[in-house]
Amino acid sequence: MNIPFLGHRRKKSDGAAFSADPEGVAELLSECELLRSQASQEGVRLDDSAASLEALDQLVPRWRDDAEVLPWLGNDAGLYLGTVIVRTVVGAVWEVWPGGQPVVRLASGREFDVVAAGHEWAASGVPELSQLYAEVAEA
């Protein structure tokens, strides 16, 4: 997912991870409207917790039949995974690569491309979002 205005914002802040308004950017990335709508229709409440990732993993993937919805849902799934990580894993922050791709940077310095992971999950269900979260939370 390329978010050009985030890339420009990063350049203006001399490479700092959203130093100008990290809360605002985190809020923007956490919207995930399509995913939240799909989950709500299935009775799943997305409360930015690891348990909500497990609930998403249990959804019947009806979106896989819709080529237009699949990439958007993949973006949302990745951004939601990143939101849960940033809000629950100590030291995790949003970072934007030079091309505008949002990633999560852990306190260890390791970067995790959550959007790519979200696309894989939306397309095949593997790896599960809760499994990815557990791996990242361990690191």
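Reader: What percentage of the 139 residues in the protein do buried residues make up?

Author: Buried residues make up 44% of them. Buried means under 20% relative accessible area, exposed means over 50%, and partly exposed lies in between (1.4 Å probe, protein chains only). This is a predicted model, in which local features need pLDDT of at least 70, side-chain atom pairs count only at pLDDT 80 or more, and totals for chains, interfaces and linings use all residues. Residues are numbered from 1 along each chain as its sequence is written, and side-chain values use heavy atoms, leaving out hydrogens and water.

Reader: Why does T83 count as buried?

Author: T83 has 2% relative accessibility. The limit is under 20%, so T83 counts as buried. T83 lies in helix 5, where a helix is a DSSP run of H or I with at least four residues, a strand is a run of E with at least two, and both are numbered from the N terminus.

Reader: Which residues does T83 touch, not counting those up to four places away in sequence?

Author: They are L29, S30, D48 and W94. A contact means heavy atoms within 4.5 Å.

Reader: D48 is among them. Is D48 buried or exposed?

Author: D48 has a relative accessible area of 15%, so D48 is buried. D48 sits in the loop between helix 3 and helix 4 and has a positive phi of about 65 degrees, although it is not a glycine.

Reader: What is the phi of C32?

Author: The phi of C32 is near 45 degrees, again a positive value in a residue other than glycine. C32 belongs to the loop between helix 2 (22–29) and helix 3, and its 4% relative accessibility makes it count as buried.

Reader: Which residues of helix 4 are buried, and why are they said to line one face?

Author: In helix 4 (residues 50–57) they are S52, L53, L56 and D57. Seen down the helix axis, these buried residues fall within an arc of 150 degrees, so they line one face of helix 4. The arc is that of the directions from the helix axis to the C-beta atoms. Their cover includes helix 3 (33–41), helix 5 (69–88), helix 6 (114–124) and helix 7 (129–138).

Reader: At what angle do the axes of helix 4 and helix 7 cross?

Author: They cross at roughly 150 degrees and come within 7 Å. Axes are lines fitted to C-alpha atoms, for helices over the stretch in contact, and angles run from 0 to 180 degrees between N-to-C directions. The contact is made by A50, L53, E54, L56 and D57 of helix 4 with L129, S130 and Y133 of helix 7.

Reader: What makes strand 1 (93–96) and strand 3 (111–112) edge strands?

Author: The open sheet has three strands in the order 1-2-3, with antiparallel pairing. Strand 1 and strand 3 each pair on one side only, and these are the edge strands. Two strands pair if DSSP finds at least two bridges between them. Strand 1 and strand 2 (residues 102–105) have four bridges, so they meet that definition. V93 stands opposite R105, and the bridge partner of V96 is P102.

Reader: Which bond joins V126 and P127?

Author: A cis peptide bond joins them, with omega about -5 degrees. P127 is in the loop between helix 6 and helix 7.
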